[in-house]
Amino acid sequence: MTETCGICGETVPFDATVHAMIHTHSETGVIDAYVCQDCYDEQLGPMFERVDTQEQSP
């Protein structure tokens with residue numbers, strides 16, 4: 001089973017994907033996509049690390 005990455009468009013094995021759901025608060029609504037691990041590590045993951053860091057700061 002394969003999925004197409006919602007960021008780079010590559011077709012990758014399903015077990016090499018991360019499921020991403022993003023509520024845009026716009027007419028687009030919810031974006032429900034699978035992204036490859038590389039795109040997650042390079043583009044999405046760092047955004048969540050920054051949020052975690054900000055929450056822990058006094």
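1. The protein exposes about 4,600 Å², and carbon and sulfur atoms supply 51% of that area; accessible areas come from the Shrake-Rupley method with a 1.4 Å probe, and for residues only the protein chains shown count as cover. Of the 58 residues in the protein, 21% are buried, where buried means under 20% relative accessible area, exposed over 50%, and partly exposed in between (1.4 Å probe, protein chains only).

2. This is a predicted model, in which local features need pLDDT of at least 70 and side-chain atom pairs count only at pLDDT 80 or more, while totals for chains, interfaces and linings use all residues. Residues are numbered from 1 along each chain as its sequence is written, and side-chain values use heavy atoms, with hydrogens and water left out.

3. The protein has one helix and four strands, and from the N terminus on its elements follow the order β-β-β-β-α; helices (H or I, at least four residues) and strands (E, at least two) are DSSP runs, numbered from the N terminus. Among contacts between residues at least 6 apart in sequence, 28% join residues at least 24 apart, a contact being heavy atoms within 4.5 Å.

4. Strand E3 (residues 17-23) pairs with strand E4 (residues 30-36) in the antiparallel sense over seven bridges, pairing being assigned if DSSP finds at least two bridges between two strands. His19 has Tyr34 as its bridge partner in E4, and Ala20 has Ala33. Six residues lie between the strands of this hairpin, and His25 takes a positive phi near 55° there.

5. The largest nonpolar core has eight residues in all, namely Cys5, Val12, Val18, Ala20, Val35, Cys36, Cys39 and Leu44; E3, E4 and helix H1 (37-56) each supply at least two residues of this core. Such a core is a set of buried Ala, Val, Leu, Ile, Met, Phe, Trp, Tyr and Cys residues joined through side-chain atoms within 4.5 Å. If residues up to four places away in sequence are not counted, Val18 touches Ala33, Tyr34, Val35, Gln37 and Tyr40.

6. Thr17, placed in strand E3, is buried with a relative accessible area of 15%. A polar atom of the Thr17 side chain lies 2.6 Å from the backbone oxygen of Phe14. Not counting residues up to four places away in sequence, Thr17 also touches Glu3, Val12, Tyr34, Val35 and Cys36.

7. Thr11 has its place in strand E2 (residues 11-13) and, leaving aside neighbours within four places in sequence, is in contact with Thr2, Glu3 and Thr4. Thr11 and Val35 are 24 residues apart in sequence, and their C-alpha atoms are 9.6 Å apart in space.

8. The cysteines deserve a separate remark. The structure holds zero disulfides, a disulfide being a pair of cysteine sulfur atoms within 2.5 Å. Cys8 is in no disulfide, and the nearest cysteine sulfur, that of Cys5, is 3.7 Å away; Cys8 is partly exposed, with a relative accessible area of 38%. For Cys39, the closest cysteine sulfur is that of Cys36 at 3.6 Å, which is too far for a bond, and Cys39 is buried with a relative accessible area of 7%.

How values were computed. A polar contact is a pair of N or O atoms within 3.5 Å; within protein, one must be able to donate a hydrogen and the other to accept it, and residues adjacent in sequence count only if both atoms are side-chain atoms.
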